[in-house]
Amino acid sequence: MRLDPAGADQHGENRRLREAGPAALVELPGGVVVWAVTHHDTLQELLADPRIGKNPQLWSTFREGRLPEGWPLLNFISVPGMITADGADHRRLRGLVTQAFTPRRIAELAPAIEARAARLLDAVAELDGAFDLRRHFAYPLPMQVIGELLGLAEEQQDALHELSDTLVSSSATPAAAVAAQQDLFGLLAAVVEAKRSAPGDDLTTDLIAAREESDRLSEQELVGTLLLMLVAGHETTLNLITNAVRALLAHPEQLDLVLKGEVPWSAVVEETLRYDSPVGQFPLRYAVEDVRVGEVVIRRGEALLASYAAVGRDSGHYPDADRFDITRSPVRHLSLGHGPHFCLGSGLARLEAETALRQLFERFPTLRMAEGAPPEPIGSFISNSVRTLPVVVG
Ligand code: HEM
């Protein structure tokens, strides 16, 4: 089966994939064939299986130079950093940034996140009652938070966001994918240079110190880590906030339960993560040796996708999986990953999303979708959301 690079109907596609078994072969752009792992229990096992790695050198197609020129996912799977590293390398790269994401550090960010969300809603209130919630609220909140953590100037953020959108697009043209990668690396390398001469109180400055004082990461890994933090730190949370608002507006009886205080905002966040995972398909992992999955064998050197959005709707694991139901408890989804690569920013993502949703609906309890055609999907199978979310206040 060919995966639609534009992700036009991810949930429909995922249903067909799940029916084909726990792991099914799919064709990616450029005729590249990989396995999609779409059953919850199978993915959970494989994410923690040491026979599955993330270094692209493990993939025979990559190692032997058989990928088409300008392959749109090439940048995504080869960024030098923790998502493409295993074992000791992975621990080294992840260890350099974990301190910034401890529960205590995240809790310290809460007042600033509250204030940012309030300011964004003040601005939205000026917009004549109708606005694109994705553009004016779901995007700037996580972008400003990660931008501040990394020490990025506000005027750099929109340009970085556009480039990062291309990086997580599976439908970018080869020329656009190559250009975005170059520009993104160029911009972030310039940020590093600027911080070298004018250090700040931020993660970029800490990473530069780790490189210069003890040579714990290469220059490419330094820029790659910034890129990863930037992309992972906002594209996903942006989708989560968008998807949660969309689901709540489509299910007013569920929204009522939260507004009456019967269900906490955290339950909305967890159920949205399961029901409409912000990450659709996560590329890629590779079999270090042959791995049997049910009736099929993933051969050594073959690649697989972690199909997070498919797994969230696996009816073999969640009763009535296609139903948005914030009263499920507990919702043990995999949408923030599992195993050694479990999302480093999960605490921050949850805090941002809960704050955003609570403030939004406290301020605009009668928010509703604008009339008109349903919002278009985002144009990628890596991301799972909509391009815009037009809403009306009152
Ligand atoms: C709703 C928001 C988010 C979702 C759904 C999400 C989801 C995920 C998932 C599924 C993975 C595992 C990828 C894999 O299969 O290997 C992951 C890893 C990661 N996430 Fe998140 N993420 C979110 C927010 C964030 C934020 C806010 C940050 C940082 C500020 C972040 C940083 C990372 C990093 C650095 C990794 C790589 C960890 C590693 O390879 O060891 N994420 N995330």
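Two strands are said to pair if DSSP finds at least two bridges between them. Strands themselves (E, at least two residues) and helices (H or I, at least four) are DSSP runs, numbered from the N terminus. The model discussed here is predicted, so local features need pLDDT of at least 70 and side-chain atom pairs count only at pLDDT 80 or more, while totals for chains, interfaces and linings use all residues. Residues are numbered from 1 along each chain as its sequence is written, and side-chain values use heavy atoms, with hydrogens and water left out.

Strand 4 runs antiparallel to strand 10 (residues 390-392), and 3 bridges join the two. Within this pairing, D132 faces P390 of strand 10. In the loop between helix 6 (103-125) and strand 4 lies D128, a residue that has a positive phi of about 60 degrees although it is not a glycine.

Another open sheet is built from 5 strands in the order 1-2-8-5-3, with mixed pairing. Here strand 1 and strand 3 (52-53) are the edge strands, each pairing on one side only. Strand 1 (residues 23-28) is joined to strand 2 (residues 32-37) by 6 bridges in the antiparallel sense, and L25 stands opposite W35 of strand 2. These two strands form a hairpin with 3 residues between them, and G30 in the turn has a positive phi of about 75 degrees. Strand 2 also runs parallel to strand 8 (residues 303-306), to which 3 bridges join it; A36 has L305 in strand 8 as its bridge partner. In strand 5 of this sheet order is L284, and the peptide bond leading from P283 to L284 is cis, with omega near -25 degrees.

The space taken by the ligand is the largest cavity. A cavity is a set of points, on a 1 Å grid over the protein atoms alone, where a 1.4 Å probe fits but cannot get out; a molecule sits in one if more than half of its atoms lie within 2 Å of its grid points. The ligand is surrounded by 27 residues, the closest being K54, H90, Y308, H341 and C343, where a residue counts as near if one of its heavy atoms lies within 4 Å. By class, this shell holds 16 nonpolar, 8 polar and 3 charged residues. For this count, Ala, Val, Leu, Ile, Met, Phe, Trp, Tyr, Cys and Pro are nonpolar, Asp, Glu, Lys and Arg are charged, and the others, Gly among them, are polar.

Helix 5 (87-95), helix 12 (219-250), strand 5 (282-287) and helix 16 (346-363) each supply at least two residues of the shell. Of the shell residues, 5 come from helix 12, which gives the most.

The side chain of R94 places an N or O atom 2.8 Å from an oxygen atom of the ligand. For R285, a polar side-chain atom likewise lies 2.8 Å from a ligand oxygen atom. In the case of Y308, the distance from a side-chain N or O atom to an oxygen atom of the ligand is 2.6 Å.

The iron atom of the ligand has a single donor from the protein, namely SG of C343 at 2.3 Å. Donors are N, O and S atoms within 2.8 Å of the metal (3.2 Å for Na, K and Ca), and sites may look incomplete, as water is not among the atoms. C343 is placed in the loop between helix 15 (308-312) and helix 16. P330 is also found in the loop between helix 15 and helix 16, and the peptide bond from S329 to P330 is cis, with omega near -15 degrees.

Methods: Polar contact = N/O pair within 3.5 Å; in protein donor to acceptor, adjacent residues only side chain to side chain. 1 Å grid on protein atoms, 1.4 Å probe; cavity = no way out; pocket = protein on both sides within 12 Å on 5 of 7 lines; lining within 4 Å.
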